[in-house]
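Dear colleague,

Please find below the structure that I am handing over to you. My findings follow it.

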Amino acid sequence: MSQDSHKCHCKSPTDRSAGPDVRDPPRSDGGVALCGACRDKKTCRLGLISERLDETGTAWFELRCPKDHEGGPNVAHGGWTASVLDECLGHVPLLQGVLSVTAELAVSFIKPVPIERPVEVRARIERREGSRIYISGEMVLLPGRAVLARGKGTWIARDRTHFAHFENWLAEQDSMSGANQVALTKARA
Ligand SMILES: CCCCCCCC/C=C\CCCCCCCC(=O)SCCNC(=O)CCNC(=O)[C@H](O)C(C)(C)COP(=O)(O)OP(=O)(O)OC[C@H]1O[C@@H](n2cnc3c(N)ncnc32)[C@H](O)[C@@H]1OP(=O)(O)O
């Protein structure tokens, strides 16, 4: 359902659940835009150290896989690699002042990613169609830039009411399951 056609008593975009301003998100000391879980710690727990957008529209990220994301011996858990690509690719529109959410993400795992070694992600928008933003990127090992992983996917541009709409949807789900519970209890009585 599109947000425009969603008719409910949604909270206003200025409500706390709308989150911080996407054009001025909370950042780490290295300038990385921080998601909800990392704001208090003021550091990206996935290991992103810095991010920048160059004049051609390519976004560059420096990072290391923290030890607590180890999967196999001395290498990253695959979920870390997928999370980092989700994060970095999603930051490309964010660096241009656009909030978007991941609709689809495909990850190719080319080589294991060593723990605590400098790696780089570069990502760019391939094209846009309506609210759909097609983004791709790759993770390379520094300094030689051997490719470790590739990601590509579809992001959907949203406005700040996205999360307030979701909270209303969740409340509707909860009230429906509450009503179902009452009906079930009555049927059993
Ligand atoms: C990135 C990190 C940010 C760092 C934070 C810094 C601070 C920033 C400051 C402040 C805010 C905080 C920001 C946090 C941001 C976090 C982002 C994430 O974590 S993303 C988490 C995982 N992804 C989800 O949770 C989506 C869950 N899915 C959905 O919400 C919906 O399914 C959604 C929005 C994807 C589609 O909703 P519909 O289907 O109701 O919307 P309809 O209007 O019908 O479709 C819109 C367009 O989307 C296409 N679409 C829908 N699903 C698709 C799919 N699976 N694949 C391709 N296209 C799809 C449709 O074809 C349509 O395209 P057409 O506009 O007509 O061109």
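Helix α2 (residues 162-188) lies largely in the open, because one of its 27 residues is buried. Here a residue is buried if 20 or more other C-beta atoms lie within 10 Å of its own, exposed if 12 or fewer, and partly exposed in between, with C-beta atoms placed from the backbone. The end C-alpha atoms of α2 are 39 Å apart, which agrees with the 39 Å that its 27 residues should span at 1.5 Å a residue; the expected span is 1.5 Å times one less than the number of residues.

Please note that this is a predicted model, in which local features need pLDDT of at least 70 and side-chain atom pairs count only at pLDDT 80 or more, while totals for chains, interfaces and linings use all residues. Residues are numbered from 1 along each chain as its sequence is written.

The protein chain contains two helices and six strands, in the order β-β-α-β-β-β-β-α along the sequence. These elements are DSSP runs numbered from the N terminus: helices are H or I of at least four residues, and strands are E of at least two. Of the 189 residues of the chain, 22% count as buried.

Two strands are taken to pair if DSSP finds at least two bridges between them. Strand β4 (residues 119-129) pairs with β2 (residues 59-63) in the antiparallel sense over five bridges, and Glu120 of β4 stands opposite Glu62. Two residues separate the strands of the β4-β5 hairpin, where Gly130 takes a positive phi near 60 degrees.

Leaving aside residues up to four places away in sequence, Val121 touches Phe61, Leu63, Val84, Cys88, Gly137 and Met139; a contact requires C-beta atoms, placed from the backbone, within 7 Å.

Finally, the UniProt annotation "domain: Thioesterase", from an unreviewed entry, covers residues 74-144. UniProt positions follow the numbering used here, feature names are shortened, and annotations may be inferred rather than shown by experiment. This span is 24% helix and 44% strand, and its end C-alpha atoms lie 19 Å apart.

Yours sincerely

Note on methods: Contact = placed C-beta atoms within 7 Å.
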